[in-house]
Amino acid sequence: MLALSLGDDARSLHLVTVQAPEATRPDDVIVRILQSGICGTDRSVLVGKFDARPGVIMGHEAVGIVEGTGDWVTNVKPGDRVVVNPTLFCGECLECRKGRFNHCVNKANNEIGIDRDGTFCEQIVLPAQFVVPVPDEISTDRATLIEPFCCALSNVTAAGVQPGSRVIILGGGPVGALASIAAALSGGQVTLVEASPHRRVLLQGVFDHPDMPTVSILEANRPPESQPRADVVIDTVGNLLETAVSLLAPKGTAVVMGYNSSAEARLLPIDILFGEYRIIGAGDYNYPMFQRAFDTGIRIPLERIITHKFGLSEYKQAFGFLSVNQENAYDALKVVLESRL
Ligand SMILES: [Zn+2]
Ligand SMILES: [Zn+2]
């Protein structure tokens, strides 16, 4: 089968032909991948901000069709549309026994698209509990956004957004857009701040729809000093914690959401004390979030965030839209790779 694997330098992708994986266990499910979204994490790997295992097939935001199942599988059957839960867990370690499956201590070699083969390919085999059936009402494009939407819902929930909360989302990529939707659905008055004029135009188009919640889109160069300070600021970029804290109202919460393993921040503890700020991380999500994302996504046209689609062989073009090279600016929101040439 065709696959996009990470090079030995751990910073480049290559189109390769590999043996399709086969089911070996009674709880295995064979999924034929239809398409996968390119995640900010995939981009972070290629630009050196996040590490993945050389040789791994990347990709984890996938929708596919069940091709076959082992004898024990009861949650899905051949022909079902499914999304992949990319964060495998053992179910037995101390963290799993406490229900903190996303903190499983046996995650090594179990992060799909990072250190276990992922979905930028034609077929994947997974234990049944990590494939989630897609409700009929949800299109394949909308389902492609469900995994990152889980992350957005989880972070907005952790931030404690309430009806009337003033919320600022820093960074208008797909995650920023999804976090804005999640915060607005929780009753927040949401301002989404994005530096790229082109992306701001794309975002206006995304939210200009009767089924989308109201979100104001603001230029990053004019930070919202004129506006009241925010009860919640979510940094979806990953290096804007200082800005996030500077925008907080008393008792406000700043959330670190963007992945950047080299970012540092300088904060004055006394400001945190007097402001009664909360500075939190909310990680990704725990797996029950998939059902919540489907239940919420039935009403919301998440697929409007998809701006481009490419085949696997067009991966250079696809990543080119995500500013992986210096010469390219961000010209896209969600870019999707279809599992075809
Ligand atoms: Zn992701
Ligand atoms: Zn575990």
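The model is predicted, with local features requiring pLDDT of at least 70, side-chain atom pairs counted only at pLDDT 80 or more, and totals for chains, interfaces and linings using all residues. Residues are numbered from 1 along each chain as its sequence is written, chains are lettered from A and ligands numbered from 1 in the order in which they are written, and side-chain values use heavy atoms, without hydrogens and water.

Helices (H or I, at least four residues) and strands (E, at least two) are DSSP runs, numbered from the N terminus. On the side of helix 4 the contact (heavy atoms within 4.5 Å) is made by Ile146, Glu147, Phe149, Cys150, Leu153, Ser154 and Thr157. Helix 9 contributes Met289, Phe290, Arg292, Ala293, Phe294, Thr296 and Gly297. Eight of the residues in the contact of helix 4 with helix 9 are nonpolar, four are polar and two are charged. In this division Ala, Val, Leu, Ile, Met, Phe, Trp, Tyr, Cys and Pro count as nonpolar, Asp, Glu, Lys and Arg as charged, and the others, Gly among them, as polar.

Two zinc ions were examined. The zinc ion (ligand 2) is coordinated by the SG atoms of Cys90, Cys93, Cys96 and Cys104, at 2.3 to 2.4 Å. Donors are N, O and S atoms within 2.8 Å of the metal (3.2 Å for Na, K and Ca); water is not among the atoms, so sites may look incomplete. Angles among the four donor atoms of ligand 2 are 102 to 117°, and the site is tetrahedral (four donors count as tetrahedral if all angles lie between 85 and 135 degrees). Along the chain, the donors of ligand 2 follow the spacing C-x2-C-x2-C-x7-C. Cys96 counts as buried because its relative accessibility is 4%, whereas Cys90, at 27%, counts as partly exposed. Buried means under 20% relative accessible area, exposed over 50%, and partly exposed in between (1.4 Å probe, protein chains only).

Cys39 counts as buried at 11% relative accessibility, and His60 counts as buried at 7%.

Positive phi values were found in residues other than glycine. Asn109, in the loop between helix 2 (94-97) and strand 6 (123-127), has phi near 65°. Phi of Lys251 is likewise positive, near 65°. Lys251 lies in strand 12 (residues 248-256) and, with a relative accessibility of 59%, counts as exposed. Thr253 also lies in strand 12, but counts as buried at 4% relative accessibility. Beyond four places in sequence, Thr253 touches Ala159, Asp231, Val232, Val233, Leu248, Arg278 and Ile280.

Glu276 is placed in the loop between helix 8 (269-275) and strand 13 (278-281). Apart from residues up to four places away in sequence, Glu276 touches Lys251 and Gly252. At 45% relative accessibility, Glu276 counts as partly exposed. Between the C-alpha atoms of Glu276 and Gly68 the distance is 54 Å, with 208 residues separating the two in sequence.

Arg166 lies in strand 8 (residues 166-170) and counts as partly exposed at 33% relative accessibility. Its contacts, leaving aside neighbours within four places in sequence, are Gln189, Pro228, Arg229, Ala230, Asp231 and Val232. Lys107 is 59 residues from Arg166 along the chain, and their C-alpha atoms are separated by 36 Å.

Ala179, in helix 5 (residues 174-185), counts as buried at 0% relative accessibility. Excluding residues up to four places away in sequence, Ala179 touches Ala152, Val156 and Ile169. The C-alpha atoms of Ala179 and Thr236 are 8.4 Å apart, at a separation of 57 residues along the chain.

Definitions and conventions
Four donors count as tetrahedral if all angles lie between 85 and 135 degrees; four count as square planar and six as octahedral if opposite donors are over 155 degrees apart and all others between 65 and 115; anything else is irregular.
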